[in-house]
Amino acid sequence: MAVDPVAFTAFSPVLALFAGVILVLIADLVTKDAASNRKFVVSITSATLLLAILLVAKTNDLIPSETVLPMFKFGIFYQIFSIIGLSASILVIFSAAYDFTVQKDLGVWASLLMISNAGGIVIAASNHLLPLYVGFELMAIPIYGMVAYRKRSREATEASVKLFLLGAISSGIIVYGISLVYGATGQLTFAALALNNSQPLKNVGIFLILFGTSFKLSLVPFHWWVSDVYVGAPVSMVNYLAVASKKMAFAFAFQMFMISFVNDTDVWGPVMGLIVILSILVGNGMAAIQNRVMRLIAYSSIAHAGYIAISLVAYAQATGLPNESELKALALYAAILHIVANILMKGTLIAGALIVVNSFENDHMENFRGIYKKDKVVGTTMVLALFSLIGIPPLGGFVSKYFLFIAVVNTNTTLAWATAFVFAIGSAISVYYYVKLARVILDEPSNDIPLVPATPLKALMVLLTVLTVFFSVIVFFITPQDVFSTLF
Amino acid sequence: MELEWFVYLSLILFSIGILGVLTQKTAIRILFSVELILNSANINFVAFNSYLQSTTSGTVIDQYMGWVFAMVVIALAAAEAAVGLAIFISLYRNFREIVVANIYELAESEEDE
Amino acid sequence: MTAGILNFILWFPLIMALVTYFIGKFVNEGWSKWFAVGTVSITTILTLYLWLQDFIGASVSYGSNGFLYETRFDWFSSGSLTITYDIGVDGLSMPLLLLTQVVFLVSAFSSFYIHDREPLYYGLYLFLLTGLVGTFVALDLFLFYIFWEVVLVPMFFIIAIWGGVNKYYASMKFFIYTHLASLIMLIGLIKMFQNGNGTFNMVDLKTNIANNVANGSVSLSTINIIFWLVFIGFIVKFPQVPFHTWLPDAHVQAPSPGSSILAGLLLKMGGYGLIRIGFWMIADTGYFTDELGKSSRVFMGIMAAVSLIYPAFIALRQIDMKKMIAYSSISHMGIVLLGLAAFNIEGLNAAMFMMIAHGIISPGLFLLAGIIEHNTKSHTRDMDKVSGLTFKMPITAALFVFLGFGSAGLPGLAGFVAEFLGFTGAFNSDVFQGTNIWIPVVAVLSVIVTAGYYLWAMRRVMFNKPSDEIENASFAKWWETGPIFVLALVTLLLGVVPAIVQKVIDEWARLAFFS
């Protein structure tokens with residue numbers, strides 16, 4: 001079977017990433033010391049990621065039809081989620097430069113980052129469970145290595161073991177679920193899965209996939225690895241986990257549930273609703289009592305994963321309503337908005353935490369006292385990020401939460417109402433711990449240890465904050481219809 | 001042979017795998033259990049494929065999709081095991097053991113507060 | 001042109017907030033307060049100009065959809081989801097807009113005692129002004145919600161940075177309470193949008209909902225759910241028993257200008273929201289004259305009666321002056337709710353007039369409490385420790401007596417007009433007849449308690465022998481008492497000639513609810 005040249009065009013972003021992998025590995029070999037190694041690797045990686053973004057944005061028109069690559073679909077969904085993952089990774093590589101400072105081996109880490117990103121692109125482009133699963137593993141496996149990258153660090157190793165074991169178990173459960181779905185339907189393309197009627201075997205498969213996915217999305221009750229991993233892993237790795245890879249995992253969840261199992265919403269919808277409610281309550285409740293900032297971020301990201309998954313609940317509940325397609329479009333739109341907003345605000349917050357943790361060697365909340373007095377840029381951007389996470393208008397977090405509210409309340413079912421009220425209560429609890437952290441940041445400093453200099457990272461934080469502030473102006477250029485028209 | 005026997009076999013293997021994951025304390029044994037889960041899925045894929053082959057239309061790939069998926073799962077399981085074993089070696093270097101039940105420093109640091 | 005002025009009044013303070021902050025930070029700290037005063041003066045003059053131009057005269061000539069100075073364009077439009085940028089004023093919002101400007105101007109002068117981080121204070125202060133003005137002029141629910149929530153942030157910081165001993169606890173409680181309430185309100189707003197053909201524009205939504213109810217596609221029980229959701233959202237800011245517990249903490253811990261804005265304006269946001277969204281937007285459906293609506297109104301009446309009498313008794317046993325005024329605020333806002341529950345022309349007049357009257361009187365009282373606090377030896381507001389103020393600070397004492405009487409409802413002052421109208425409305429109302437007559441009766445009885453705690457407070461603080469605490473006290477400075485003097489004059493003016501504001505309110509209420 002001859003390979004169509006179109007395949008190369010379609011996969012040019014992935015190929016660009018693999019070229020970047022080779023380049024950074026060479027950079028590791030040829031550079032003389034750690035400083036120049038970092039400079040080379042960061043610039044090569046960010047250039048590669050930018051090139052990949054460009055290719056994702058530009059090559060879409062060149063792909064003629066789906067008959068050439070039947071397992072893939074290159075549409076707006078692919079573009080949006082690929083660009084989300086890739087641009088979040090640019091932030092990650094900039095922050096990684098402050099984490100791995102001792103040896104001249106950042107290149108290996110960066111190469112894993114790019115491979116993982118390639119997996120994310122494959123997820124977003126899939127139109128079939130086979131590439132979807134391969135992309136998922138391609139994204140996940142490098143992460144285990146990335147967490148354990150500091151070989152001598154006991155904390156990082158422990159975090160990596162936990163992440164690896166739970167990740168492996170969850171992917172095992174997912175693949176078993178896929179096998180049951182295959183047995184029930186005999187098909188694995190999304191369109192075929194959507195057409196088939198529900199059968200007991202398929203339902204069991206869907207539940208197994210749902211539980212496995214919940215592990216990856218860190219939703220309650222499959223969340224207990226999150227806090228340990230976030231504390232143990234290097235902070236830039238946390239940035240990747242919370243900001244980039246989890247968003248790609250959401251792309252996986254959306255491909256699975258919104259597109260493949262679109263006609264089985266009555267099977268997974270209620271369970272998803274329960275999982276979302278638990279995630280919001282447990283995530284916010286646990287975050288409120290934490291004294292270590294990374295643990296606080298971990299629990300708050302569980303809550304935020306719950307917020308994003310509200311879109312799945314809204315999507316499921318919209319089935320059968322008169323304006324079903326509009327409501328579903330709105331649900332996906334709201335999810336994308338919250339994912340983007342979450343990258344902006346959580347990225348800023350974790351980048352700020354990285355600077356503090358590298359200055360103090362640990363993440364106790366006491367070390368964050370007076371950050372604003374020590375460094376106006378870091379303090380201001382972090383406080384704005386916190387207020388955006390609460391959902392204070394006109395910041396980004398507010399706009400996306402507003403749309404999530406619209407999406408879920410509009411479906412007007414009991415579960416939707418329960419979710420909306422839990423969402424409100426959870427947001428109110430989150431005020432407590434976000435404001436507590438903001439207050440600590442704005443307080444008088446309790447010591448005079450300076451922060452490490454990190455100009456490029458700070459510039460990036462400022463950029464993200466500006467985007468957060470003007471989020472409402474920017475996002476309103478894309479409407480739910482644009483997103484939805486490509487899905488069906 | 002009946003299809004059900006294969007499905008029962010894979011179900012038993014899956015259950016043993018889940019049980020192992022929940023009860024075993026050594027990292028290697030948990031990895032074994034995960035491999036069991038993956039292989040039970042493979043049995044499903046291959047069995048279902050043989051059963052469905054006569055009814056499936058489409059290209060060659062479509063007709064052998066279960067077998068293809070099983071191959072891919074084997075490859076991915078190998079990759080996963082390779083990374084996992086490397087992490088376990090690193091674990092052994094740092095902690096001098098691979099009994100994950102005994103490794104809870106991160107949880108302890110929470111109790112310090 | 002006049003639409004441009006309204007936009008200017010809304011956005012100019014936000015721009016000046018940044019300018020004030022940076023001027024104060026990098027040029028001269030002392031200038032920031034003059035920038036703030038100048039900004040608020042300009043917007044006050046412009047608001048007064050608008051008022052004198054269009055709201056004085058036989059009747060206000062509203063535009064085609066009932067608003068003046070309207071600016072409207074689509075902000076986000078996609079199929080069945082439209083968000084507009086729409087601002088304008090009518091007889092409900094214009095008096096509150098004017099009140100906002102006056103209270104901000106007065107509180108700006110009274111903030112001169114603050115010397116800690118002045119640029120930040122005045123920056124937040126102007127930011128707060130934009131938020132409040134926006135809440136009153138926004139005619140789109142999305143826009144309204146943005147301004148509604150934005151107000152929280154500067155207020156939170158004003159309490160948390162310049163507040164008293166318990167400022168952290170108070171500011172956090174304020175933030176969490178009101179944020180949760182806002183989110184519940186948001187669900188109500190979305191429910192409203194959902195039943196109003198996919199727009200967030202208030203004016204369109206009002207007609208759409210009314211049409212949908214008329215043609216039967218939306219039932220009154222849905223309207224009932226909407227009403228209660230937004231009611232909970234607004235009543236926490238309002239606040240009424242049992243949602244009032246954040247208020248005494250926030251008022252007491254905030255700096256005096258902050259308390260005066262909290263009492264004078266933030267509570268009015270709740271009242272305004274309730275009238276605008278809870279009543280105005282769904283009144284056309286006939287909900288309030290339906291049995292469902294009537295039972296809601298009885299419930300509101302009970303809540304109002306409890307809120308009138310219970311906080312009044314709590315105020316009676318307070319020794320902290322600010323806490324007493326805070327509880328009296330809750331009690332007074334009960335009149336607003338009672339008037340709304342009555343849902344007749346007197347009641348609605350009373351509700352809106354009470355917001356203006358209370359918005360003038362209570363800031364004055366809070367600022368006076370602030371003056372007393374600054375002039376006592378141990379900076380106390382403890383009414384058991386301070387006494388004989390008339391001998392040392394005669395002007396302050398006189399103003400306190402005057403505004404205290406105004407708050408207690410002495411005829412001839414603003415408070416009386418509102419209370420009188422409110423009780424008349426309640427007794428005339430269709431729902432407070434028969435066994436429900438106890439509600440207005442209890443409400444009227446609360447006036448006795450109100451008079452009681454004010455008179456007792458005056459006797460303790462103003463008269464008797466001067467205590468040690470105030471032996472060094474002297475005449476308050478001009479920027480302390482001057483603004484309060486203005487407020488006292490307005491109180492007298494509104495008491496003697498209530499028509500200057502009441503006429504606009506009355507006309508609007510008739511137009512909106514009884515035409």
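I began with helix H11 (residues 256-283) and helix H14 (residues 345-375) of chain C, which pack with their axes 7 Å apart at an angle of about 165 degrees. The model is a predicted one. I noted that angles over 145 degrees count as roughly antiparallel, and H11(C) and H14(C) are therefore roughly antiparallel to each other. I recorded their crossing as right-handed.

I then listed the residues that make this contact. From H11(C) they are Ser256(C), Ser259(C), Ser260(C), Ala263(C), Gly264(C), Leu265(C), Lys268(C), Gly271(C) and Ile275(C). From H14(C) they are Ala351(C), Met355(C), Gly359(C), Ser362(C), Pro363(C), Phe366(C), Leu367(C), Ala369(C) and Gly370(C). Sorted by class, the residues of the H11(C) and H14(C) contact are nine nonpolar, eight polar and one charged.

**Chain C as a whole**

I counted 20 helices and two strands in chain C. I took the box filled by its C-alpha atoms along the principal axes, and it is roughly 70 × 60 × 45 Å. Of the 515 residues in chain C, 63% are buried. I also looked at contacts in chain C with a separation of 6 or more, and 80% of them are between residues 24 or more positions apart.

**Which chains touch**

I went through the chains next. Two pairs of chains touch, and the most contacts are between chains A and B. Chain B and chain C do not touch, and I put their nearest C-alpha atoms at 22 Å apart.

For the pair A and B, I found 34 residues of chain A in contact with 40 residues of chain B. On the side of chain A that touches chain B, helix H6 (129-147), helix H7 (154-185) and helix H10 (225-232) of chain A each supply at least two residues. H7(A) has the largest share of that side, with 19 residues. By class, I sorted the side of chain A that touches chain B into 18 nonpolar, nine polar and seven charged residues.

For the pair C and A, I found 25 residues from chain C and 24 residues from chain A in the contact. On the side of chain C that touches chain A, at least two residues each come from strand S1 (68-78), helix H5 (141-150), helix H6 (152-162) and helix H7 (167-194) of chain C. H7(C) gives the most to that side, 13 residues. I sorted the side of chain C that touches chain A into 18 nonpolar, five polar and two charged residues.

**Ala34(A)**

I ended with one residue of chain A. Ala34(A) lies in helix H3 (residues 34-58) of chain A. A residue needs 20 or more C-beta neighbours within 10 Å to be buried and 12 or fewer to be exposed.

Leaving aside neighbours within four places in sequence, I found Ala34(A) in contact with Thr101(A), Val102(A), Gln103(A) and Lys104(A). I also looked up Phe8(A), which is 26 residues from Ala34(A) in sequence and 35 Å from it in space, C-alpha to C-alpha.

Definitions and conventions:
Residues numbered from 1 in each chain as written. Chains lettered and ligands numbered in written order. Predicted model: local features only at pLDDT ≥ 70, side-chain atom pairs only at ≥ 80, totals over all residues. Contact = placed C-beta atoms within 7 Å. Helix = DSSP H or I, 4+ residues; strand = E, 2+ residues; numbered from the N terminus. Nonpolar A, V, L, I, M, F, W, Y, C, P; charged D, E, K, R; others polar. Axes fitted to C-alpha atoms, helices over the stretch in contact; angles between N-to-C directions. Parallel < 35°, antiparallel > 145°, perpendicular 65-115°, else oblique. Left-handed = near helix turned anticlockwise from the far one by under 90°.
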